[in-house]
Amino acid sequence: MVRATLVTATSLVLTGAVVAHAYLLKHQFYPTVVYLTKSSPSMAVLYIQAFVLVFLLGKFMRKVFFGQLRAAEMEHLIERSWYAVTETCLAFTVFRDDFSPRFVALFTLLLFLKCFHWLAEDRVDFMERSPNISWVFHMRVLSLMGLLGVLDFLFVNHACHSIITRGASVQLVFGFEYAILLTMVLTTLIKYVLHTIDLQSENPWDNKAVYMLYTELFTGFIKVLLYIAFMTIMIKVHTFPLFAIRPMYLAMRQFKKAVTDAIMSRRAIRNMNTLYPDATPEDLQASDNVCIICREEMVTGAKKLPCNHIFHSSCLRSWFQRQQTCPTCRMDVLRASNNNQTPAPAQAPPPAPPAPANAPPAPPANGESQNHVSWVFPGFSRWDMPGTPPQRATSAGSSRYGGAAALLRAPHPIPLVSEILTFRS
Ligand SMILES: [Zn+2]
Ligand SMILES: [Zn+2]
């Protein structure tokens, strides 16, 4: 903090001194400007001043639109900025012929705006976990999304215009980058609307997970198309765009994950409807009789999973949209159903034993490896913790987030759908 103030003050003093010196030499406005632009040391001071001003503007906008940043947001921002700076430097090597102060300024502006897109994305994801959303929050998110959307649109427009009138140039990269940012604004805005609807409703909204998934699928698809188009054009016009490899890979991976998630949840729900028996009154009497997802008593409309745990079928449906495991013992229902379908023993097999803690997951023997997210995306196997039954949420503070939402907030690592869906790049 002190250091930032010191740098700002030094830069201001230096700029003042340089400009005053030039004016004392030339006595008139125009010659002063010419003198300043011709003198390299003066220009260096002015460039530093420009960066300091950008930094101050960033701080100001952060205060206006976000207030205090959370530690996770800050960390995330720094991490992503490093990647962006590296990729920008790589992009400079492709366009070294166009290199000019204007070019650097445009890239700085792009990075500056990117930071706000990332922060907005993080902030909206945070809505799901924070029970109190004030009207200031809504005002900030909406005004920021509006501002970013308009700016992105204008930049895309400008880039298209420039490419059409003056041919392919570095504007190709800018047009593409702003188009990607525009899809990001769209995703964040849809997620914001979904979270807001969920917050307004009395009961947790069962279908939110589906809409989140399809949003991810739709925008992921647009992103992949954009990257493929960009790669093709760049290879034709300039050279292979090395700097776009990493973001393109991430976009493709994210899209693949969204597709897999959509298929998995549909399959789990179809299995539930067709394969699992309805719980009989005897089943209900033999068990606790309380659905652990919504914490309400079960009278009718309950389904029995292959592991013999019983839940409301409506609760299971929304649960399977987020993950395809038993909420109590975390048995993988897709794998269990597949075992059931192969020359089936008449009775349901005994519950699959949960994997031991910390052990790396062994690949399934029956070759159905595509059926489990953690085989497809090894990083997610960390969620496959053994089944300590989720604690029932205590009554304190659980009025709004009863049921599935409370389970998702239980202290054991069941991932929030946003955490599953949002790939941290
Ligand atoms: Zn229930
Ligand atoms: Zn179970």
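1. Let's start with one helix pair: H8 crosses H9 in a left-handed fashion. In this predicted model, H8 covers residues 208–237 and H9 covers residues 245–274, with axes that come within 9 Å and cross at roughly 145°. From H8, the residues in the contact are Leu213, Glu216, Leu217, Gly220, Phe221, Lys223, Val224, Tyr227 and Met231. On the H9 side they face Met248, Ala251, Met252, Gln254, Phe255, Ala258, Val259, Asp261, Ala262 and Ser265. Sorted by class, the H8–H9 contact has 13 nonpolar, three polar and three charged residues.

2. The mean pLDDT for the chain is 79, and 79% of the residues reach at least 70.

3. UniProt, in an unreviewed entry, puts "transmembrane region" at residues 44–61, 103–120, 140–160 and 172–194. Two of these can be checked against the model here. Residues 44–61 come out as 100% helix and 0% strand, with the end C-alpha atoms 26 Å apart. Residues 172–194 are also modelled as 100% helix with 0% strand, and their end C-alpha atoms are 33 Å apart.

4. Now H1 against H3. Helix H1 takes in residues 2–26 and helix H3 residues 40–66; their axes come within 9 Å and cross at roughly 140°. That angle is why H1 counts as oblique to H3. The crossing of this pair is left-handed. Which residues of H1 meet H3? They are Val7, Thr8, Ser11, Leu14, Thr15, Val18 and Ala22, and their partners in H3 are Ser42, Val45, Leu46, Ile48, Gln49, Val52 and Leu56. The H1–H3 contact splits into nine nonpolar, five polar and no charged residues.

5. H3 has another partner to look at, helix H5 (residues 101–126). Here the axes come within 12 Å and cross at roughly 20°, so H3 is roughly parallel to H5. The crossing of H3 and H5 is right-handed. H3 brings Val54, Gly58, Met61 and Phe66 to the contact, and H5 brings Thr108, Phe112, Phe116, Leu119 and Arg123. By class, that gives six nonpolar, two polar and one charged residues.

6. Last, the annotated domain. The record, again an unreviewed UniProt entry, lists "domain: RING-type" at residues 291–330. How much helix and how much strand does the model have over residues 291–330? The figures are 25% helix and 15% strand, and the end C-alpha atoms of that stretch are 15 Å apart.

Technical notes. Residues are numbered from 1 along each chain as its sequence is written. Chains are lettered from A and ligands numbered from 1 in the order in which they are written. This is a predicted model: local features need pLDDT of at least 70, side-chain atom pairs count only at pLDDT 80 or more; totals for chains, interfaces and linings use all residues. UniProt positions are given in the numbering used here, feature names are shortened, and annotations may be inferred rather than shown by experiment. Helices (H or I, at least four residues) and strands (E, at least two) are DSSP runs, numbered from the N terminus. pLDDT is the predictor's confidence in each residue, from 0 to 100. Axes are lines fitted to C-alpha atoms, for helices over the stretch in contact, and angles run from 0 to 180 degrees between N-to-C directions. Angles under 35 degrees count as roughly parallel, over 145 as roughly antiparallel, 65 to 115 as roughly perpendicular and the rest as oblique. A crossing is left-handed if the near helix is turned anticlockwise from the far one by less than a right angle, and right-handed if clockwise. Two residues are in contact if their C-beta atoms, placed from the backbone, lie within 7 Å. Ala, Val, Leu, Ile, Met, Phe, Trp, Tyr, Cys and Pro count as nonpolar, Asp, Glu, Lys and Arg as charged, and the others, Gly among them, as polar.
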